[in-house]
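Biologist: I am new to this structure. Could you walk me through how to read it?

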Amino acid sequence: VVYNPWRRHDLTSRVEAPHDLVIMRNVIRDGASNGLYSHAGYCNYIVGNVIERNNKEGMCLDFGTCGTYVAHNIIHANGGRFHMDAQQLKDDYIQDFGVLADGSSPAKVPGISLDNAAYNIIYQNEVSQNSGTGIKMVRASVRNVILCNEVTSNNVGQNHRFHFYGIELSTDLRPDYEPNEVRELDFAPCFENIVARNTISGTHFSGVFLGQDAYINDVFDNVIGEAGIPVECLSEKLNSIVNNMIL
């Protein structure tokens, strides 16, 4: 019998989390929080949904979500953080930012967020007019593939404190942030992700953003138009940024 160590050390068998689900052809609209949230889910399919005008992220893949296939969804006009009272701002650790004239928080959130997420595929989604970044990876998101998406006119919520991007590989190195909530999260740069063949247009501050110490990410064959900065990279480590078409 052939010995297969992977079968004996299958990480996905160690946790109790939603898995092998198909979330398909739903309309998720006007919610007070996230449109769709995955807490450590794995091997799920999120396909063909319309997710729009939700107060926080349209979709958040969080706390070790892995192996999720996200395709052919419409992610539109999410992330405004409107109508939050003082307690809600405190619960989200954003009370120090204050509020804007319309009563919303300046700390807008993305259309799609990958937070401590790995091996997920984000493919052929329409991500448009979200208040924050279109597609954002943060806190050690690893080996995700962001492929062939239409990312259009996000950064709707740009304000005097924050601006946002088409696709973002962010860096959060503050392990004391949200101290009672994130003991199971890694605080490290994003690495070994692929961002390829996306069409990024509209008024993003930058088309693609790579944060501090991001490394071994591949950004190639994207078409980027209208952004103030097509590709912005704060990392001095090795990343491959090639063959992108700047319009």
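Biologist: Which residues form a nonpolar patch on the surface?

Modeller: Keep in mind that this is a predicted model. The patch is made of Val22, Met24 and Tyr45. Together they have about 300 Å² of accessible area. Take Met24 as the example. Met24 belongs to strand 1, residues 22-24. Its relative accessibility is 38%, so Met24 counts as partly exposed.

Biologist: How many helices and strands are there in the protein?

Modeller: The protein has 2 helices and 23 strands. Of its 247 residues, 48% count as buried. The accessible surface comes to about 12,400 Å². Carbon and sulfur atoms hold 52% of that surface. Now look at contacts with a separation of 6 or more. Residues 24 or more positions apart account for 63% of them.

Biologist: Which residues touch the most other members in the largest nonpolar core?

Modeller: The general idea comes first. In soluble globular proteins, nonpolar side chains tend to be buried together. Here the largest nonpolar core has 27 residues. Met59, Leu61, Ile112, Leu114, Ile122, Ile135 and Ile167 touch the most other members. At least two core residues come from each of strand 6, strand 9, strand 12, strand 15 (165-169) and strand 18 (206-210).

Biologist: What is Met59 in contact with, leaving aside its neighbours within four places in sequence?

Modeller: Met59 is in contact with Leu36, Ile46, Ile51, Val70, Asn73, Ile75, Gly111, Ile112 and Ser113.

Biologist: Let us turn to charge. How many salt bridges does the structure hold?

Modeller: Side chains of opposite charge can pair when their charged atoms come close. This structure holds 8 salt bridges. One of them joins Lys56 and Asp92, with N to O at 2.8 Å. This pair links distant parts of the chain, 36 residues apart. Lys56 sits in the loop between strand 5 (50-52) and strand 6 (59-62). Asp92 sits in the loop between helix 2 (86-91) and strand 9 (112-115).

Biologist: Is Lys56 buried or exposed?

Modeller: Lys56 has a relative accessible area of 18%. Buried means under 20%, so Lys56 is buried. Asp92 counts as buried too, at 15% relative accessibility.

Biologist: Which residue forms a salt bridge with Arg139?

Modeller: Asp115 does, with the closest N and O atoms 2.7 Å apart. Arg139 lies in the loop between strand 12 (135-138) and strand 13 (145-147), and Asp115 lies in strand 9, so the pair ties together parts that are 24 residues apart in sequence. Arg139 is buried, at 9% relative accessibility. Asp115 is buried as well, with a relative accessible area of 6%.

Biologist: Which residues are linked in a network of salt bridges?

Modeller: Arg29, Asp30, Glu52 and Arg53 are linked that way. Within this group, the side chains of Glu52 and Arg53 meet at 3.7 Å, N to O. Glu52 counts as buried, at 12% relative accessibility. Arg53 counts as partly exposed, at 42%.

Biologist: With which side chain does the side chain of Ser206 make a polar contact?

Modeller: The partner is Glu232, at 2.5 Å. Ser206 is in strand 18. Ser206 is buried, with a relative accessible area of 0%. Not counting residues up to four places away in sequence, Ser206 touches Phe164, Tyr165, Gly166, Ala227, Ile229, Pro230 and Glu232.

Biologist: And where does His204 lie?

Modeller: His204 is in the loop between strand 17 (199-201) and strand 18. At 2% relative accessibility, His204 is buried. Leaving aside neighbours within four places in sequence, its contacts include Val151, Thr152, Phe164, Tyr165, Gly166 and Ala227.

Methods
Residues are numbered from 1 along each chain as its sequence is written. This is a predicted model: local features need pLDDT of at least 70, side-chain atom pairs count only at pLDDT 80 or more; totals for chains, interfaces and linings use all residues. Side-chain values use heavy atoms; hydrogens and water are left out. A salt bridge is a side-chain nitrogen of Lys or Arg within 4 Å of a carboxyl oxygen of Asp or Glu. Buried means under 20% relative accessible area, exposed over 50%, partly exposed in between (1.4 Å probe, protein chains only). Helices (H or I, at least four residues) and strands (E, at least two) are DSSP runs, numbered from the N terminus. Contact means heavy atoms within 4.5 Å. Accessible areas come from the Shrake-Rupley method with a 1.4 Å probe; for residues, only the protein chains shown count as cover. A nonpolar core is a set of buried Ala, Val, Leu, Ile, Met, Phe, Trp, Tyr and Cys residues joined through side-chain atoms within 4.5 Å. Patches are made of residues with over 30% relative accessible area and no salt bridge: like charges are joined within 9 Å, nonpolar side chains (Val, Leu, Ile, Met, Phe, Trp, Tyr) within 5 Å. A polar contact is a pair of N or O atoms within 3.5 Å; within protein, one must be able to donate a hydrogen and the other to accept it, and residues adjacent in sequence count only if both atoms are side-chain atoms.
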